[in-house]
Amino acid sequence: MPLKTRPLKDTFGFEVLDVDLSDLDDATFDEIYKLWQQEPLLLFRRQSLSERQQVEYSKRFGDLDVLVRDDMLSPKHPEIIYITALKRPDGTPLGGLGNYEIYWHHDQIYRQRPASGSVFYAVEMPENDGFTSYCNTKLGYESLPDNLRMQLEGRRATAKYAMKAESTTQRDFKDDPKQMQKINDRTPPATHDIILENPATGQKSIYLDPNKTLGIDGLSEEESRELIDAVSSHLLRDEFVYQHSWRNGDVVMWDNARLWHRREKFDPMMPRFARRTTIFLRPEDFAVPEPDAA
């Protein structure tokens, strides 16, 4: 039976209606899989998932990743990242979450084999505070001016984790240089095609991070920065950006090969807790950075 959906925005994204992700038959899952191939952003409201159920659901899309930052992981299911500022009884952080704004980015572009799918489950998220925004780089590619398209086609770009001093990771570990060095040692620079193509759908998208990309092959540092800034300005048009206001029970699935995302600042006095799994989407079905490494 076809899924019931309604658009999140006129230009992209769907809310999927009347689906319980904790009790999903194969036919419904197949429809979700096909829809995610076409649309990079899906929302399911009023969900109730245990950690085991979230992991099992996520594994149906591909192998799951374990984050390089082991201070954020579930003790029973290391495939799950805790997104929270809550503390354990001994006072140590339960997960990772600063209350500051995060820059536009592709998750894991700094890795040579990035995991490109995310399933984010909002367990406790205050409404109308701490929005998350998504920018559709597929739509941005399709509307690129010819001069920008010609400069991007066939090129590769190199990205680095925590490249900027004001990055999230640098802030989290500003008082722990040994941990920061450990993370940097585990994440050397990685190079990827700037234009990715989904072999199943033919969709193309831009895979270029405005904050983690160090440079573009064949261009000087100044030329790289100018091109990155020009592409970013084009992508961040209103019609390519959706801002999500969280509710408890929201499950949002996004595809990092086709979306940037960013978090807005929020009230640190309001408790919040979310769980995320990260997926190596199958290269035969999705646009995947470095598909030959899968």
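These legends accompany close-up views of a predicted model.

**View 1. The second largest pocket and its lining.**
The second largest pocket has a volume of about 170 Å³. Its lining consists of Arg-6, Glu-15, Val-16, Leu-17, Asp-18, Val-19, Arg-45, Arg-46, Gln-47 and Arg-247. Strand S2 (residues 14-17) gives the largest share of this lining, three residues.

**View 2**
Strand S1 (residues 4-7) pairs with S2 in the antiparallel sense, over four bridges. Glu-15 in S2 is the bridge partner of Arg-6. Both Arg-6 and Glu-15 also line the second largest pocket. Six residues lie between the two strands of the hairpin. In this hairpin Gly-13 takes a positive phi near 90 degrees.

Asp-18 sits in the loop between S2 and helix H1 (26-38). Its phi is positive, about 60 degrees, although Asp-18 is not a glycine. Most residues other than glycine have a negative phi. Is Asp-18 buried or exposed? With a relative accessible area of 68%, Asp-18 is exposed, because the cut-off for that class is over 50%. Asp-18 is also one of the residues that line the second largest pocket.

**View 2. Arg-46 in the loop between S3 and H2.**
The loop between strand S3 (41-44) and helix H2 (51-59) holds Arg-46. Arg-46 is not a glycine, yet its phi is positive, near 55 degrees. Arg-46 has a relative accessible area of 77% and is therefore exposed, the cut-off being over 50%. Among the residues lining the second largest pocket are Arg-46, Arg-45 and Gln-47.

**View 3. The open sheet S9-S8-S12.**
Three strands make up this open sheet, in the order S9-S8-S12, with antiparallel pairing. Which strands stand at the edges? Strand S9 (190-193) and strand S12 (213-216) do. Each has a single partner strand, so one side of each is left without a neighbour in the sheet. From one strand to the next, the twist averages 30 degrees. Strands of a sheet pair through backbone hydrogen bonds, either parallel or antiparallel.

**View 4. The pairing of S8 with S12.**
Strand S8 (residues 156-159) and S12 pair in the antiparallel sense. Three bridges join S8 and S12. Which residue stands opposite Thr-213 in S12? Ala-159 does.

Methods:
Residues numbered from 1 in each chain as written. Predicted model: local features only at pLDDT ≥ 70, side-chain atom pairs only at ≥ 80, totals over all residues. Heavy atoms only, no water. 1 Å grid on protein atoms, 1.4 Å probe; cavity = no way out; pocket = protein on both sides within 12 Å on 5 of 7 lines; lining within 4 Å. Points joined across faces, edges and corners; volume = space filled by probe spheres on them. Pairing = 2+ DSSP bridges. Buried < 20%, exposed > 50% of the residue type's maximum accessible area, 1.4 Å probe, protein only. Axes fitted to C-alpha atoms, helices over the stretch in contact; angles between N-to-C directions.
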